[in-house]
Structures are given as structure tokens and as C-alpha cells.
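Visitor: I have a model open and want to learn how to read it. Where do we begin?

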Amino acid sequence: MINVERLSFTYPGGKQPAVRNITLSVNDGEIVGFLGPSGSGKSTLQKILIGVLKNYEGSVQIMGQESKKSGAAFNESLGVAFEIPNFYQRFTAEENLKFFLSFYKNKGMPVVSLLTQLGLGDCGSKRVSEFSKGMKMRLNICRAFLHNPDIVFLDEPTAGLDPVNVKKVVDFILRQKKTGKTIIITTHNMHVAQAVCDRVGFIVDGELKLVNTPEALVEKHSDKAVKVEYTSGTIRCVKRFPLQGIGENSHFREILTGGNIVRLETEEKTLEDIFIEVTGRELE
Ligand SMILES: Nc1ncnc2c1ncn2[C@@H]1O[C@H](COP(=O)(O)OP(=O)(O)OP(=O)(O)O)[C@@H](O)[C@H]1O
């Protein structure tokens, strides 16, 4: 679906490339998330993939077409939600969506169903000027999927949303995945990445440091320890034991048979821990 080879891009007048030497392929129906700190090149990469930035080096094939040579038919297959939503403020939500749909040949998805799935079912006839930031973000996601595209690019789709609405967006994306869409997401939010992405790519200083499934990353980078909290007299103690060979660990067995365990859990690293470990950088 997407094949990127040795992609580099420098903004006019830029001293360094915003994106450097990226090679990546994305399969049909896959959700891939790009994670990285602010200014790492995530949005630039997306803009190249959707054909907005054309003056790149290397090759970017989307559905067999070189992105920089893409024409109108290409846009028909692509849905995009930029980080900052852009709507006609005096139009209602439904009027905006119907207007944007009129640019496409595709018949599109039912507007009311889209709005409802993103928690905006009651707001279709409300003017966008009366929408909160979070409502505009969700309307922006409706807009990206509106014409039923094959590939959808979402730039920070959950930025600024409260946990209830983050869940609505996550559930919506997972429902769309079931229909076979290929979805590319940029995010700072590791929980969202872990919930929706088949694979995640870590981007730092324009470079793609690694791409893998969240499960494989956690598996590879976790030390696999068991944390035991227990009481010894009036004192609360915490001990960590390597998972491997734990059954033969006499100290662990002693605590276990002592009967004073308060909590017992395996410790796994989060994607955020792994990002910091691999890249030496914080996400925010
Ligand atoms: N239009 C532009 N002109 C010149 N430089 C730009 C432009 N847009 C971005 N850059 C630079 O390119 C680099 C990558 O920016 P980009 O917007 O791709 O990062 P990002 O990872 O998407 O950041 P954020 O998470 O804050 O959106 C940064 O150094 C940024 O300053």
C-alpha cells in the first residue's frame, strides 16, 4: 500500500533535513503510528506521504503511484485530518461535511452515523463557531473518513481530548480498521498508539529509529520482573525478582509462604519507557 525508500526532505532555507533517509513499507489494512517528540518530523513525513510536500529525495509510492506525481484520483483514495481543524465557522457541522463531500466522486459515508460514532450525534445542526476545540477535533476525524477513502492520515487525532472522547476516537479507528482501511497516525500519546497500532515507528530528529509491533517492543525491552509488596511486622516492603527461575528463588518462596503479600504483579515497560530507552529522548 505504501512503500517509502531512502526518503529525505529539507524545507527551503532549512539547515538540516526535517526527514532523513526513511525506508518503510505499510501493508494494506494496517494501522501504523509515528511517535516522536515535537519537531521530530512526524507531520513533515505525513505531508510528503499525502503529496503536499513534493520536493523530496528518494521514493514514496502510495498504491503504486509516486506521491509527488499524484493527481486528482489519488486524493479520492486519501483521507486526511490535519492537526489544526479548518471548517467554515458559520456552517453547521452537517453543512460543512456535506460541502467537503461534494469535492469527491465517492458517495461517502452517512454523515449522521459518522457524527454519532464520534459523539457528535446531537450537534449536526450546530454551527461550528459554537463547537469546542475537542468537538472540532472529532469533526475533523469525521471529515477524514467522510468520502470512504482507502488510506487515512490522522495527525494527532486525540490531542486535547478528554479520556472519554479519546476512547470514542480509539473505538472509531478500530471499527474503521475492520473495514480494511489503512491508517497512518502521528501521536505523542503512547496509550493511543498501543491501543490502535499494528506497528509503531519511533521518529527522532527526522530519522525513523525503529518500527515494530507494540507487543514485540514490550517483549524485547522488558526485563520481566515480578514486583512483590508485602508486610513484615508493621513495615511495608517492596521487592523485585527476575521472572526467570522465580520458582527456585528461595527469598521469593519465603515471602510467598509467609502469607503477608499485599500485591504481586509482573512489571512491563510501557511504550513510553521503551521510547526513552531506545532514543534517549522524552516524548513531550
Ligand atoms: N513550513 C516549514 N518551514 C520550515 N521548517 C519547518 C516547516 N514545518 C516544519 N519545519 C521544521 O521541520 C522540523 C520537523 O517539524 P514537524 O512539524 O514535521 O515535526 P512534528 O514531529 O510533526 O512536530 P509536532 O509534534 O510539534 O507537530 C522542525 O524542525 C520544524 O521546525
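Guide: Begin with a strand pair. Two strands pair if DSSP finds at least two bridges between them. Here strands β7 (residues 151-155) and β8 are parallel partners, joined over five bridges. Phe153 has Ile184 as its bridge partner in β8. This is a predicted model, in which local features need pLDDT of at least 70, side-chain atom pairs count only at pLDDT 80 or more, and totals for chains, interfaces and linings use all residues. Residues are numbered from 1 along each chain as its sequence is written.

Visitor: Which strand joins β8 through the bridge between Phe34 and Thr186?

Guide: Strand β3 (residues 31-35) runs parallel to β8, with five bridges between them.

Visitor: How are strands and helices named?

Guide: Both are DSSP runs, numbered from the N terminus: helices are H or I with at least four residues, strands are E with at least two. The protein chain has 10 helices and 13 strands.

Visitor: What handedness does the β-α-β unit of β7, α6 and β8 have?

Guide: View it with the strands pointing away from you; a crossover is right-handed if the path from the first strand over the helix to the second runs clockwise. The unit of β7, helix α6 (residues 163-178) and β8 is right-handed.

Visitor: Are the residues of β8 buried or exposed?

Guide: Count C-beta atoms, placed from the backbone: a residue is buried if 20 or more others lie within 10 Å of its own, exposed if 12 or fewer, and partly exposed in between. In β8 (residues 182-187), six of six residues are buried. One side carries Thr182, Ile184 and Thr186; the other carries Ile183, Ile185 and Thr187. Across the protein chain, 35% of the 284 residues are buried.

Visitor: Why does Ser102 count as exposed?

Guide: Ser102 is exposed because it has 9 other C-beta atoms within 10 Å. It sits in the loop between α3 (93-101) and α4 (111-117). From its C-alpha atom to that of Glu254, 152 residues apart along the chain, the separation is 71 Å.

Visitor: What should I look for in a nonpolar core?

Guide: In soluble globular proteins, nonpolar side chains tend to be buried together. A nonpolar core is a set of buried Ala, Val, Leu, Ile, Met, Phe, Trp, Tyr and Cys residues joined through C-beta atoms within 7 Å. The largest one here has 62 residues, and Leu7, Ile48 and Leu118 are among those with the most contacts inside it. Helix α5 (residues 133-145) gives the most to this core, seven residues.

Visitor: What does Leu118 contact, beyond its neighbours within four places in sequence?

Guide: A contact means two C-beta atoms, placed from the backbone, within 7 Å. With those neighbours left aside, Leu118 contacts Arg138, Ile141, Cys142, Lys168, Val169 and Phe172.

Visitor: Which residues surround the ligand?

Guide: A residue is near a molecule if its C-beta atom, placed from the backbone, lies within 6 Å of it. The ligand is surrounded by Tyr11, Gly14, Ala18, Gly36, Ser38, Gly39, Ser40, Gly41, Lys42, Ser43 and Thr44. Lys42, Ser43 and Thr44 are also among the buried residues of α1. In helix α1 (residues 42-49), eight of eight residues are buried.

Visitor: How do I read an open sheet?

Guide: Follow the strand order. Four strands form one as β2-β1-β4-β5, with antiparallel pairing. β2 (19-26) and β5 (65-66) stand at the edges with a single partner strand each, so one side of each has no neighbour in the sheet. Strand β1 (residues 2-9) meets β2 over five antiparallel bridges. Val4 has Leu24 as its bridge partner in β2.
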